Amino acid sequence: PVYLDADFLVGPEAAHGSDGAPRRIGQHSVLVRVDDARVDIALAADGRRVAELRGHFLLDALFRPDRVMLTYSHVDRMVVGGAMPVAAPLPLEALKPIGADKFLRRRELGLINLGGAGRVRVDGQTFDIDHLDALYVARGAMDVSFASVNPTAPARFYLLSAPAHAVHVTKKIARADAKKIP
């Protein structure tokens, strides 16, 4: 994989500090791993290439305090990540491989909260997102940020973003409202 930040490409060694943690970039810490793997998944079904698949697709360390961690994949131009706000709200910032001045200018975002109670602010509207609640954020949202209600039990927002070709309505899906599939 190749690591990059919003301003320039860097190698894996430069993307990490001496302690192995991603280095801080500006006011907020963002680490993006670009993965252009071309893996034949069918051949790995028998376990012969499990280590290779893990190397290409396993995303560990999605949640780090006060950081947005994002991985950009050339496979369908997906972005997978996590946001764990503790001390202050974390903005969703545009990244160079996205090719736009705002992260969601041409993308949509789905998220689910795997941690404590949190809030997501989208263009001035605040959504309370409890544990296992989800939020769909429509293409074109200009200002998105993540916050925790209680810093001692921070929210952990799992993020998934893809290019979007239509505009829909930003919508919260509470766990209680989710359709249960037997």
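## Surface and overall fold

The protein chain exposes about 10100 Å², of which carbon and sulfur atoms supply 56%; accessible areas here come from the Shrake-Rupley method with a 1.4 Å probe, and for residues only the protein chains shown count as cover. This is a predicted model, in which local features need pLDDT of at least 70 and side-chain atom pairs count only at pLDDT 80 or more, while totals for chains, interfaces and linings use all residues. Residues are numbered from 1 along each chain as its sequence is written, and side-chain values use heavy atoms, with hydrogens and water left out.

There are two helices and 13 strands in the protein chain, where helices (H or I, at least four residues) and strands (E, at least two) are DSSP runs numbered from the N terminus. Of the 182 residues, 40% count as buried, a term that means under 20% relative accessible area, with exposed meaning over 50% and partly exposed lying in between (1.4 Å probe, protein chains only). Among contacts with a separation of 6 or more, 62% are between residues 24 or more positions apart, a contact being heavy atoms within 4.5 Å.

## The largest nonpolar core

In soluble globular proteins, nonpolar side chains tend to be buried together. A nonpolar core is taken here as a set of buried Ala, Val, Leu, Ile, Met, Phe, Trp, Tyr and Cys residues joined through side-chain atoms within 4.5 Å. The largest such core has 26 residues, and the members that touch the most others are Leu111, Val120, Val144, Phe146 and Phe157. Two or more residues each come from β4 (67-73), β5 (79-84), β7 (107-113), β8 (118-122), β9 (125-129), β10 (134-137), β11 (144-148) and β12 (157-163), and the largest share, three residues, is that of β4.

## The aromatic pair and its neighbour

A search of the whole structure finds one aromatic pair. The ring centres of Phe146 and Phe157 are 5.5 Å apart and the ring planes stand at 35°, so the pair is tilted; rings of Phe, Tyr and Trp (its six-membered ring) pair if their centres lie within 6.5 Å, and planes under 30 degrees apart count as stacked, over 60 as edge-to-face and the rest as tilted. Phe146 belongs to strand β11 and Phe157 to strand β12, eleven residues apart, and the pair links distant parts of the chain. Both Phe146 and Phe157 are buried. Beyond its neighbours within four places in sequence, Phe146 has contacts that include Ala83, Pro85, Leu109, Leu111, Val120, Phe157 and Leu159.

Ser145 also lies in strand β11 and, at 17% relative accessibility, counts as buried. Residues up to four places away aside, Ser145 touches Leu90, Pro91, Arg119, Val120 and Arg121.

## Buried residues in a strand and in loops

Val137, in strand β10, is buried with a relative accessible area of 0%.

## Loop residues with positive phi

Most residues other than glycine have a negative phi. Asp66, in the loop between α2 (50-57) and β4, has a positive phi of about 60° and is partly exposed, with a relative accessible area of 24%. Asp123, in the loop between β8 and β9, has a positive phi of about 45° and is partly exposed at 43% relative accessibility.

On a 1 Å grid over the protein atoms alone, a cavity is a set of points where a 1.4 Å probe fits but cannot get out, and lining residues have an atom within 4 Å of a point. Grid points are joined across faces, edges and corners, and a volume is the space filled by probe spheres set on the points. By this rule there are three cavities of 30 Å³ or more.

Key:
On a 1 Å grid over the protein atoms alone, a cavity is a set of points where a 1.4 Å probe fits but cannot get out, and a pocket is an open set with protein on both sides within 12 Å along at least five of seven lines; lining residues have an atom within 4 Å of a point.
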